Amino acid sequence: MRPLEQLTRPNIWSLAPYSSARNEYSGKVAHVFLDANENPYNAPLNRYPDPLQLEVKKAVSNVKGIPVENIFLGNGSDEAIDLPYRCFCRPGIDNVVAIEPTYGMYKVCADINDVEYRPVLLDEHFQMKADTLLAACDENTKLVWICSPNNPTGNSIDRQEIIRVIEGFEGIVIVDEAYIDFARQASLRTELARRPNLIVLNTMSKAWGCAAMRLGMAFASTEIIDLFNKVKYPYNVNLLTQQKALEALSDKFAVEKWINMLLQERGRLIEAFRLLPICEQVYPSDANFFLARMTDAQAIYDYLVERGIIVRNRTRVQLCHNCLRITIGTRTENSELMSALRQYQPV
């Protein structure tokens, strides 16, 4: 890895972050707050939230096994995806490399930040080769994006190939593990202590069932977390989100129950799909969804929409022609989907 100062945009490295009122007396006990031009009425919503979300980070640390100083919390994973561009990529000069197909926000953020996006096609098994990914990099490549388990394909990317990319790349490797709770493969966040160029993303939206709450996580070295905290908006995670996150994180047994039910339903639904005459292939999944190649994805998608059942049509995505992405719902929802598909008559 190149020194972090060389990877960081010069203006970001020298940036003096905004100092919020709540930062300046950190570590002191106070009970009269006349510093932030807040309305003294309508507690607790009248007060600005903790800009570093320390209580939530402690709860995340207990669940994920990562020290507080190695945790960044953002307004959904979208913020954690955008920040590496803003910290490391010089607009119009630098580039990033990513597997393809994958989650679309990596490219959207690249386009917004005027950063060249270089997709590297996966093989027919939706796997990557480290050498191929590294061959797409040059001296201006700052980031490599790997989503595992991958979206929309559902499979975990080979762990050893990811490690080879981390070891062979001089920039920052970001592994998005939004779906890791549904996977058999262990999280790469356990590698952080010995891999300073690794960032691992996670979210409260999937296994934790809190998509509306908008809380994303990034796990990284303290130096990278410090950069993120410098660049982020001062109060990026609001009080209501912090309160709800603490409630959710206090009941990990409920989450484990949900995961087990979803994994059982995933197996049941995949087997049911394989028996459908209109399904040509179901791909292996380590996520709370799976990808299925159909005889006519667009027609089947339109048919389901007419019956009030929404799945994701991925037929225009590379390597996913005629594929539908099916999220695992409740047993009732999954049964309704299968009932509709069994009644489908091709035109």
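Start by selecting Arg 214, which lies in the loop between β6 (198-203) and β7 (216-219); helices (H or I, at least four residues) and strands (E, at least two) are DSSP runs, numbered from the N terminus. The model is predicted: local features need pLDDT of at least 70, side-chain atom pairs count only at pLDDT 80 or more, and totals for chains, interfaces and linings use all residues. Residues are numbered from 1 along each chain as its sequence is written, and side-chain values use heavy atoms, with hydrogens and water left out.

Arg 214 has 30% relative accessibility and therefore counts as partly exposed. The classes are buried, under 20% relative accessible area, exposed, over 50%, and partly exposed in between (1.4 Å probe, protein chains only). Display its contacts (heavy atoms within 4.5 Å): leaving aside residues up to four places away in sequence, Arg 214 touches Gly 74, Asn 75, Gly 76, Ser 77, Asp 78, Ser 205 and Thr 241.

Next, select strand β1 (residues 71-74). Four bridges join β1 to β7, and the two run antiparallel; strands count as paired if DSSP finds at least two bridges between them. Ile 71 has Phe 219 as its bridge partner in β7.

Move to β4 (141-147), where seven of seven residues are buried. Strand β2 (residues 95-100) runs parallel to β4, joined by four bridges, with Val 96 opposite Leu 143. β5 also runs parallel to β4, through five bridges; there Trp 145 has Ile 174 as its partner.

Now select helix α6 (residues 105-112) and colour Tyr 106, Cys 109 and Ala 110, its buried residues. They lie on the same side of α6 because they cover an arc of only 105° around the axis, taken from the directions from the helix axis to the C-beta atoms. Their cover includes α5 (76-88), β3 (116-121), β4 and β5 (172-176). Just after α6, Asp 114 has a positive phi of about 55°.

Leu 83, Pro 84, Arg 86, Cys 87 and Phe 88 of α5 meet Ile 224, Leu 227, Phe 228 and Val 231 of α9.

Finish at the open sheet of four strands, ordered β8-β9-β11-β10 with antiparallel pairing. β8 (279-282) and β10 (312-313) are at the edges with a single partner strand each, so one side of each has no neighbour in the sheet. Inside it, five bridges join strand β9 (residues 289-294) to strand β11 (residues 323-327), and Arg 293 pairs with Cys 323. Show helix α11 (residues 252-274), which lies across β8, β9 and β11 at about 5° to β9. Then show helix α12 (residues 297-306), which touches β9, β10 and β11 and makes about 40° with the direction of β11.

Terms used:
Axes are lines fitted to C-alpha atoms, for helices over the stretch in contact, and angles run from 0 to 180 degrees between N-to-C directions.
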